[in-house]
Amino acid sequence: MSQALPATISPALFAERSDAIADAARELAAAGWTPATSSNFSMRIDGDHAAITISGRDKGKLGRDDIMLIDMNGKAVGTSARPSAETDLHTQIYRRYPEINVVLHTHSRTQSVASRLFAKDGVVKLEGWELQKAIAGETTHDAELSIPVFPNTQHMPELVAQVDAWLDSGRPLHAYLINGHGIYTWGRDMAETRRHLEALEFLLGCELDLRRLSA
(Lines give C-alpha, C1' and ligand atoms only; values in the text may rest on other atoms or scores of the structure.)
Protein backbone atom coordinates (compact mmCIF):
# COMPACT_ATOMS: atom_id res chain seq x y z
CA MET A 1 0.00 0.00 0.00
CA SER A 2 1.26 3.46 -0.85
CA GLN A 3 0.85 5.85 2.09
CA ALA A 4 1.84 9.48 1.52
CA LEU A 5 2.05 11.23 4.87
CA PRO A 6 1.53 14.97 5.35
CA ALA A 7 4.75 16.85 6.07
CA THR A 8 3.52 17.52 9.63
CA ILE A 9 3.44 13.82 10.53
CA SER A 10 6.60 11.96 11.44
CA PRO A 11 6.99 8.70 9.49
CA ALA A 12 8.58 7.19 12.61
CA LEU A 13 5.53 8.10 14.71
CA PHE A 14 3.14 6.66 12.12
CA ALA A 15 5.20 3.47 11.97
CA GLU A 16 5.21 3.22 15.77
CA ARG A 17 1.42 3.62 15.95
CA SER A 18 0.94 1.16 13.10
CA ASP A 19 3.07 -1.45 14.84
CA ALA A 20 1.17 -0.98 18.10
CA ILE A 21 -2.18 -1.42 16.37
CA ALA A 22 -0.99 -4.49 14.45
CA ASP A 23 0.50 -6.09 17.57
CA ALA A 24 -2.71 -5.59 19.56
CA ALA A 25 -4.85 -6.83 16.68
CA ARG A 26 -2.85 -10.03 16.32
CA GLU A 27 -3.15 -10.75 20.05
CA LEU A 28 -6.89 -10.07 20.08
CA ALA A 29 -7.34 -12.22 17.00
CA ALA A 30 -5.49 -15.05 18.75
CA ALA A 31 -8.03 -14.72 21.58
CA GLY A 32 -10.83 -15.24 19.06
CA TRP A 33 -12.23 -11.72 19.37
CA THR A 34 -11.92 -10.70 15.69
CA PRO A 35 -13.63 -13.46 13.63
CA ALA A 36 -13.91 -13.27 9.83
CA THR A 37 -11.87 -10.02 9.45
CA SER A 38 -14.26 -8.20 11.83
CA SER A 39 -13.22 -5.52 14.33
CA ASN A 40 -11.28 -2.29 13.87
CA PHE A 41 -8.57 -0.51 15.83
CA SER A 42 -7.11 2.98 15.80
CA MET A 43 -4.64 5.29 17.50
CA ARG A 44 -4.48 9.07 17.48
CA ILE A 45 -1.52 10.56 15.62
CA ASP A 46 -2.17 14.22 16.41
CA GLY A 47 -5.12 16.56 16.84
CA ASP A 48 -6.15 16.17 13.22
CA HIS A 49 -5.24 12.58 12.30
CA ALA A 50 -5.44 8.97 13.43
CA ALA A 51 -4.06 5.65 12.22
CA ILE A 52 -6.70 2.96 11.66
CA THR A 53 -6.98 -0.56 10.27
CA ILE A 54 -7.82 -0.90 6.58
CA SER A 55 -11.21 -2.47 5.91
CA GLY A 56 -11.43 -6.21 5.32
CA ARG A 57 -7.97 -7.22 6.50
CA ASP A 58 -7.37 -10.36 8.56
CA LYS A 59 -6.71 -8.95 12.03
CA GLY A 60 -4.52 -11.90 12.93
CA LYS A 61 -2.05 -11.07 10.16
CA LEU A 62 -1.75 -7.31 10.27
CA GLY A 63 1.44 -5.43 9.47
CA ARG A 64 2.27 -1.79 8.78
CA ASP A 65 0.79 -1.99 5.29
CA ASP A 66 -2.60 -2.82 6.79
CA ILE A 67 -2.83 0.49 8.66
CA MET A 68 -3.83 3.79 7.05
CA LEU A 69 -4.07 7.46 7.95
CA ILE A 70 -7.40 9.29 8.30
CA ASP A 71 -8.42 12.78 9.30
CA MET A 72 -10.90 13.51 12.07
CA ASN A 73 -13.75 13.47 9.57
CA GLY A 74 -12.94 9.83 8.83
CA LYS A 75 -11.51 10.53 5.38
CA ALA A 76 -8.45 8.75 3.98
CA VAL A 77 -5.29 10.85 3.85
CA GLY A 78 -2.55 10.13 1.30
CA THR A 79 -3.87 6.72 0.26
CA SER A 80 -6.54 5.09 -1.88
CA ALA A 81 -7.15 2.43 0.80
CA ARG A 82 -10.57 2.26 2.42
CA PRO A 83 -10.99 2.50 6.20
CA SER A 84 -13.66 0.61 8.10
CA ALA A 85 -17.26 1.60 7.51
CA GLU A 86 -17.32 2.32 11.25
CA THR A 87 -14.48 4.84 11.15
CA ASP A 88 -16.82 7.65 12.21
CA LEU A 89 -17.29 5.92 15.57
CA HIS A 90 -13.53 6.18 16.17
CA THR A 91 -13.19 9.81 15.14
CA GLN A 92 -16.25 10.70 17.21
CA ILE A 93 -14.45 9.54 20.36
CA TYR A 94 -11.27 11.43 19.44
CA ARG A 95 -13.24 14.62 18.84
CA ARG A 96 -15.22 14.30 22.07
CA TYR A 97 -12.26 13.27 24.26
CA PRO A 98 -8.98 15.07 23.45
CA GLU A 99 -7.17 12.95 26.06
CA ILE A 100 -8.13 9.68 24.37
CA ASN A 101 -5.50 8.17 22.07
CA VAL A 102 -6.72 4.62 21.36
CA VAL A 103 -10.05 3.08 20.29
CA LEU A 104 -10.56 -0.69 20.11
CA HIS A 105 -13.60 -2.50 18.69
CA THR A 106 -13.93 -6.28 18.91
CA HIS A 107 -16.52 -9.00 18.29
CA SER A 108 -15.94 -11.67 20.90
CA ARG A 109 -18.64 -14.28 21.44
CA THR A 110 -19.25 -12.94 24.94
CA GLN A 111 -19.63 -9.36 23.73
CA SER A 112 -21.92 -10.37 20.87
CA VAL A 113 -24.21 -12.54 23.03
CA ALA A 114 -24.38 -9.89 25.77
CA SER A 115 -25.31 -7.26 23.19
CA ARG A 116 -28.34 -9.34 22.16
CA LEU A 117 -29.35 -10.34 25.67
CA PHE A 118 -29.32 -6.80 27.07
CA ALA A 119 -30.58 -5.02 23.95
CA LYS A 120 -34.15 -4.84 25.24
CA ASP A 121 -32.92 -2.99 28.34
CA GLY A 122 -30.68 -0.71 26.30
CA VAL A 123 -27.94 -0.98 28.93
CA VAL A 124 -25.82 -3.42 30.90
CA LYS A 125 -25.68 -2.31 34.53
CA LEU A 126 -22.55 -3.63 36.23
CA GLU A 127 -22.54 -3.36 40.00
CA GLY A 128 -20.71 -5.07 42.84
CA TRP A 129 -17.84 -6.45 40.75
CA GLU A 130 -14.31 -5.76 41.98
CA LEU A 131 -13.03 -5.60 38.41
CA GLN A 132 -15.11 -2.49 37.74
CA LYS A 133 -12.10 -0.67 39.23
CA ALA A 134 -10.08 -1.64 36.15
CA ILE A 135 -11.98 1.07 34.27
CA ALA A 136 -10.35 4.51 34.45
CA GLY A 137 -12.14 6.74 36.93
CA GLU A 138 -13.94 3.88 38.68
CA THR A 139 -12.68 3.61 42.25
CA THR A 140 -15.08 1.20 43.94
CA HIS A 141 -17.09 -1.94 43.32
CA ASP A 142 -19.93 -0.28 45.21
CA ALA A 143 -21.15 1.77 42.25
CA GLU A 144 -23.05 1.23 39.03
CA LEU A 145 -21.12 1.10 35.76
CA SER A 146 -23.52 1.44 32.83
CA ILE A 147 -22.59 0.13 29.39
CA PRO A 148 -25.25 1.20 26.87
CA VAL A 149 -26.42 -1.12 24.10
CA PHE A 150 -27.25 0.79 20.94
CA PRO A 151 -29.35 -0.65 18.09
CA ASN A 152 -27.31 -1.84 15.13
CA THR A 153 -27.54 0.07 11.88
CA GLN A 154 -25.57 0.29 8.64
CA HIS A 155 -26.19 4.06 8.64
CA MET A 156 -23.28 5.39 10.67
CA PRO A 157 -24.64 8.94 11.21
CA GLU A 158 -27.58 7.38 13.05
CA LEU A 159 -25.29 5.44 15.37
CA VAL A 160 -23.02 8.44 15.88
CA ALA A 161 -26.11 10.46 16.86
CA GLN A 162 -27.11 7.87 19.46
CA VAL A 163 -23.66 7.97 21.05
CA ASP A 164 -23.70 11.78 21.00
CA ALA A 165 -27.12 11.80 22.68
CA TRP A 166 -25.81 9.62 25.52
CA LEU A 167 -22.77 11.86 25.97
CA ASP A 168 -24.82 15.05 25.74
CA SER A 169 -27.04 13.78 28.55
CA GLY A 170 -24.04 14.03 30.87
CA ARG A 171 -23.92 10.32 31.67
CA PRO A 172 -20.44 8.75 31.92
CA LEU A 173 -19.40 6.62 28.96
CA HIS A 174 -16.44 4.24 29.08
CA ALA A 175 -17.62 1.79 26.42
CA TYR A 176 -20.71 0.71 24.53
CA LEU A 177 -22.15 -2.36 22.87
CA ILE A 178 -23.97 -2.51 19.55
CA ASN A 179 -26.80 -5.01 19.35
CA GLY A 180 -25.74 -8.20 17.57
CA HIS A 181 -22.35 -6.68 16.96
CA GLY A 182 -19.60 -6.08 19.52
CA ILE A 183 -18.03 -3.56 21.88
CA TYR A 184 -16.24 -0.23 21.57
CA THR A 185 -13.92 1.00 24.28
CA TRP A 186 -11.05 3.47 24.51
CA GLY A 187 -8.30 4.87 26.69
CA ARG A 188 -5.39 7.24 27.02
CA ASP A 189 -2.94 4.67 25.69
CA MET A 190 -2.92 1.11 24.39
CA ALA A 191 -2.29 -0.44 27.80
CA GLU A 192 -5.26 1.32 29.39
CA THR A 193 -7.54 0.50 26.48
CA ARG A 194 -6.53 -3.16 26.51
CA ARG A 195 -7.21 -3.21 30.26
CA HIS A 196 -10.69 -1.78 29.69
CA LEU A 197 -11.41 -4.29 26.94
CA GLU A 198 -10.25 -7.28 28.96
CA ALA A 199 -12.08 -6.15 32.11
CA LEU A 200 -15.33 -5.61 30.23
CA GLU A 201 -15.02 -8.98 28.51
CA PHE A 202 -14.67 -10.60 31.94
CA LEU A 203 -17.54 -8.61 33.48
CA LEU A 204 -19.91 -9.31 30.61
CA GLY A 205 -19.04 -12.99 30.87
CA CYS A 206 -19.87 -12.92 34.59
CA GLU A 207 -23.24 -11.30 33.87
CA LEU A 208 -24.03 -13.94 31.26
CA ASP A 209 -23.12 -16.68 33.74
CA LEU A 210 -25.41 -15.19 36.36
CA ARG A 211 -28.29 -15.12 33.89
CA ARG A 212 -27.60 -18.71 32.88
CA LEU A 213 -27.30 -20.01 36.44
CA SER A 214 -30.40 -18.21 37.67
CA ALA A 215 -32.60 -19.38 34.78
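**View 1. H105 sits in strand 4, residues 102-106.** Strands (E, at least two residues) and helices (H or I, at least four) are DSSP runs numbered from the N terminus. This is a predicted model, where local features need pLDDT of at least 70, side-chain atom pairs count only at pLDDT 80 or more, and totals for chains, interfaces and linings use all residues. Residues are numbered from 1 along each chain as its sequence is written, and side-chain values use heavy atoms, leaving out hydrogens and water. H105 counts as buried (under 20% relative accessible area; exposed is over 50%, partly exposed in between; 1.4 Å probe, protein chains only), because its relative accessibility is 0%.

**View 2. Here are the neighbours of H105.** Leaving aside residues up to four places away in sequence, H105 touches S39, N40, F41, E86, H181, G182, I183 and Y184; touching means heavy atoms within 4.5 Å.

**View 3. Now look at H107, in the loop between strand 4 and helix 3 (109-117).** H107 is buried too, at 17% relative accessible area. Beyond residues up to four places away in sequence, H107 touches W33, P35, S38, S39, S112, H181 and G182.

**View 4. Two polar contacts involve the side chain of H105.** One joins the side chains of H105 and E86 at 3.2 Å, and another joins those of H107 and H105 at 3.0 Å. A polar contact is a pair of N or O atoms within 3.5 Å; within protein, one must be able to donate a hydrogen and the other to accept it, and residues adjacent in sequence count only if both atoms are side-chain atoms.
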